[in-house]
Structures are given as structure tokens and as C-alpha cells.
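Here is a short report on one protein model.

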Amino acid sequence: MRYSVIIPCYKSSETIEHVVDMTREEMVRLGKEEVEFVLVNDCSPDGGKTIAKLREMAKKHADVKVIGLAKNSGQHNALMAALRHTEGDVIIGMDDDGQTHPSQLGKLLSALEEGYDLVYGYYPEKKHNWFRNLGSRFNDLTVNMMIQKPKDVRTSSFFVVRKFVRDYAIQYEGSYTYLLGLFMRCTQNIASVPVQHFEREAGESGYTLGQLIRLWSSIIGFSVIPLRMASIAGFFFAGVGIIMSVIVLIRKCIDPNLSMGWPSLMCAISFFFGLNFMFLGMIGEYLGRMFLGMNKEPQYVIKETYNIPDQKGLQ
């Protein structure tokens, strides 16, 4: 059986070679020596240091494939670029900073050998800051609700998946990629195992608040539940408005001198206008993504490859 390790790289010139070397050693220790690495430079803004390091690694090791993207496309789109260039029967997803540590690979692979199609490693204790941990909890809550992820399955960027799931996932051509949504369209035979979360080997997270929000918002493309929630909320508030109108009318009939209250009226108007704009924005987000899909916005643009004989530039 052959294994493919896919790693999106972003400002990781100081860490990626060590991560690959440790992973190769761990796979040999596990008796799984047929391994390839597919490393994707997501247009790192570091003066070319990351792509230079990847280029150097590709020259030294025939099992290292390198893809350089022409612009930053986000973690999941970079993973899609890697998935399309894997040849393994099992694909392993990892990070470039050493936090998804190779020493934990045995736990994921053992679970996969029990018959699962997809196994995630999750962290009982994370080494992120409080803001990232809070964001992770919010993401888990919304994912459970919007794409019906099994509550007993916990996810992360550390996973192993079988080739047939990968073959289905890479058929997706939309620019807003969310891998868990794609994987769950193919299989419900998913497990998660606890793994240790290590400290970053160097630097700090490349995710900004805007990038985290964009990544989270990719879930929208895999669920219509936000639109259903908007409809339910619309009916609810319409009902509340009717009930309040009846109450005001009754009170006015009982007490003709009752003041209607201009401030309270303005508060109600502001609230419901804000609610309407929020739902219109949600609908606009769906329509905008449909528009981008119709115009074939690429998931990523490949600028250069190494140790990959036939590259596909646009996806």
C-alpha cells in the first residue's frame, strides 16, 4: 500500500524540512515505506523563502512533489491542489509547523485499519491561544448543525483518508472548498482519535481573523440550513409583530389616551431593518457564490511544479 502526505505550506521555510524528515522516519518505523510528499506553497509572503526551501527539498528527494501557487488560495484550496496530485492508496493531511506531529500517525493509521474510510486526529488539549480555541469551539458547533457532522466525531487538519474518498472530493470545482463537507458527501464511516497537540516549532500562526472567517464561511456552500433558519426567523418575528400589534390595539381601545411611544417604535424599526439586511446579506452570499461558480473562478492557479511530470495549471 502506498501513502501520500499532503501539506499546505505558508511561511514555513524554517519548519517544513524537519516535518517531512520526521514524517518519513516515522512511516519507516511503522513499516510503511512507500510514501510520497505533496507540498503546496500557498504563495507565502516571505520573499520566496518557502518556495526556495521546497525547491531544494524536491531536488534532494525524489519522493517530494512541490506545487507553487500563483496567489494565496487558502488552506483548503491548497489541499485540493495537493489531492489532485497524489498517487497513494491512503492520503495523510498534516500541517507545516509540527503541531500535527508525525509521532501521532500510528494512532490514525491504526484506526483506519479497523475499517474506517476517514479518520481525524483531535486534540483534547490544544496549544493555540484562547482566541483560536474559542473559534474552534464555535466552528465545531456550527459544523455539527449545518452539515450534520456526527457529534462524536471531532475534526482538525490532521487526517487520513482512503483514495476512493479523495477521488470523489477532487471532482468539486467550486472556489469555496470545505474538505469535511466534501468528505461527508462521500462517506459517514468516519472516526476520530485523540492525539497530542505539539507547540509550533517556529514562528506563529499565519491565520488572520479575516482568513479564519473566510475559512469558516466556506461551510455555507455545503448547507442550506442558514437559509432555512432565515425563513424560520422571518416567520417567528412576523408572528411576534402581529401579536404585538394586537396587544397595542387592545390597549389603545381600553385607554384612548395611551401614547404610542416614538422611541420604542424607532428601536423596533431599527431592529427589524437590521434583521432584514442580515438575511438579505446571507441570501446575497449564496447568490454571489453561484455567480462566481458560473464564471469559473479557479480554486487555485499553479505557477510552478517540481517532480510532477504533467501539471494542470488552472483549477
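The notes below start with conventions and then go through the fold.

## Basis

This is a predicted model: local features need pLDDT of at least 70, side-chain atom pairs count only at pLDDT 80 or more, and totals for chains, interfaces and linings use all residues. Residues are numbered from 1 along each chain as its sequence is written, and side-chain values use heavy atoms, leaving out hydrogens and water.

## Sheet

An open, mixed sheet holds 8 strands in the order 7-5-6-4-1-2-3-8. Strands are DSSP E runs of at least two residues, helices H or I runs of at least four, numbered from the N terminus. Two strands pair if DSSP finds at least two bridges between them. Strand 7 (190-194) and strand 8 (302-306) are the edges, each pairing on one side only. The twist averages 20 degrees from one strand to the next.

Strand 5 (residues 118-122) and strand 6 (residues 159-162) run antiparallel, joined by 3 bridges. Tyr120 has Phe159 in strand 6 as its bridge partner.

## Helix pair

Helix 1 (residues 16-29) and helix 2 have axes that come within 10 Å and cross at roughly 35 degrees. Axes are lines fitted to C-alpha atoms, for helices over the stretch in contact; angles run from 0 to 180 degrees between N-to-C directions. Ile16, Glu17 and Val20 in helix 1 meet Lys53, Leu54, Glu56, Met57 and Lys60 in helix 2. Contact means heavy atoms within 4.5 Å.

## Ser44

Ser44 sits in the loop between strand 2 and helix 2. Ser44 is buried, at 10% relative accessible area (buried means under 20%, with a 1.4 Å probe and protein chains only). A polar atom of the Ser44 side chain lies 3.5 Å from the backbone oxygen of Cys9.

Definitions and conventions. Buried means under 20% relative accessible area, exposed over 50%, partly exposed in between (1.4 Å probe, protein chains only). A polar contact is a pair of N or O atoms within 3.5 Å; within protein, one must be able to donate a hydrogen and the other to accept it, and residues adjacent in sequence count only if both atoms are side-chain atoms.
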